[in-house]
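Subject: Structure handover

Hello,

Please find the structure below, with the sequence alongside. My notes on what was found in it follow.

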Amino acid sequence: TGASISGKVTDSFDNQGVAGITIIATDEKTQFRNETRTDEQGNYTVGGLAQGQFSVMAEIENTVYRVT
């Protein structure tokens with residue numbers, strides 16, 4: 001099992017969820033990467049993570065955004 005990171009990607013214009021966005025969680029210590037994609041409502045869960053500090057990025061058509 002392990003830890004997980006969950007959230008939602010929304011459009012800044014109408015606050016609707018955005019489907020199909022790749023979410024990448026990278027362990028700051030080991031650089032281990034795990035990724036998933038948002039569902040139809042923009043929700044995501046990146047599971048199977050060890051406890052630690054992670055950076056989270058959203059990738060849209062080869063453009064990467066840092067999640068804050």
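Helices (H or I, at least four residues) and strands (E, at least two) are taken here as DSSP runs, numbered from the N terminus. On that basis the elements of the protein run β-β-β-β-β-β from the N terminus on, that is, zero helices and six strands.

Before the details, a note on the source. This is a predicted model, in which local features need pLDDT of at least 70 and side-chain atom pairs count only at pLDDT 80 or more, while totals for chains, interfaces and linings use all residues. Residues are numbered from 1 along each chain as its sequence is written, and side-chain values use heavy atoms, with hydrogens and water left out.

Overall figures

Buried residues (under 20% relative accessible area; exposed is over 50%, and partly exposed is in between, with a 1.4 Å probe and protein chains only) make up 25% of the 68 residues. The protein exposes about 4,900 Å², and carbon and sulfur atoms supply 44% of that area; accessible areas come from the Shrake-Rupley method with a 1.4 Å probe, and for residues only the protein chains shown count as cover. A contact means heavy atoms within 4.5 Å. Of the contacts with a separation of 6 or more, 47% are between residues 24 or more positions apart.

The core

A nonpolar core is a set of buried Ala, Val, Leu, Ile, Met, Phe, Trp, Tyr and Cys residues joined through side-chain atoms within 4.5 Å. The largest one has 10 residues: Val9, Ile21, Ile23, Ala25, Tyr44, Val46, Leu49, Phe54, Val56 and Ala58. Strands β2, β4 and β5 (54-60) each supply at least two residues of this core. One of its members, Ile21, has contacts beyond four places in sequence with Val9, Thr36, Arg37, Thr38, Ala58, Glu59 and Ile60.

Glu59, on that list, is in strand β5 and counts as partly exposed because its relative accessibility is 27%.

Two loop residues

Thr38 is in the loop between β3 (33-37) and β4 (43-49). It counts as buried because its relative accessibility is 7%. The side chain of Thr38 makes polar contacts (pairs of N or O atoms within 3.5 Å; within protein, one must be able to donate a hydrogen and the other to accept it, and residues adjacent in sequence count only if both atoms are side-chain atoms). A polar atom of that side chain lies 2.9 Å from the backbone nitrogen of Gly20, and the side chain also reaches the backbone nitrogen of Ile21 at 2.9 Å. Beyond four places in sequence, the contacts of Thr38 include Val9, Val18, Ile23 and Tyr44.

Gly17 is in the loop between β1 (3-8) and β2 (22-27). With 28% relative accessibility, Gly17 is partly exposed. Its contacts beyond four places in sequence are Lys8, Val9, Thr10, Gln41 and Gly42.

A charged pair

Side chains of opposite charge can pair when their charged atoms come close. Counting a salt bridge as a side-chain nitrogen of Lys or Arg within 4 Å of a carboxyl oxygen of Asp or Glu, there is one salt bridge. Arg33 forms it with Glu35, the closest N and O atoms being 3.6 Å apart. Arg33 is partly exposed at 49%, and Glu35 is partly exposed at 47%.

Regards
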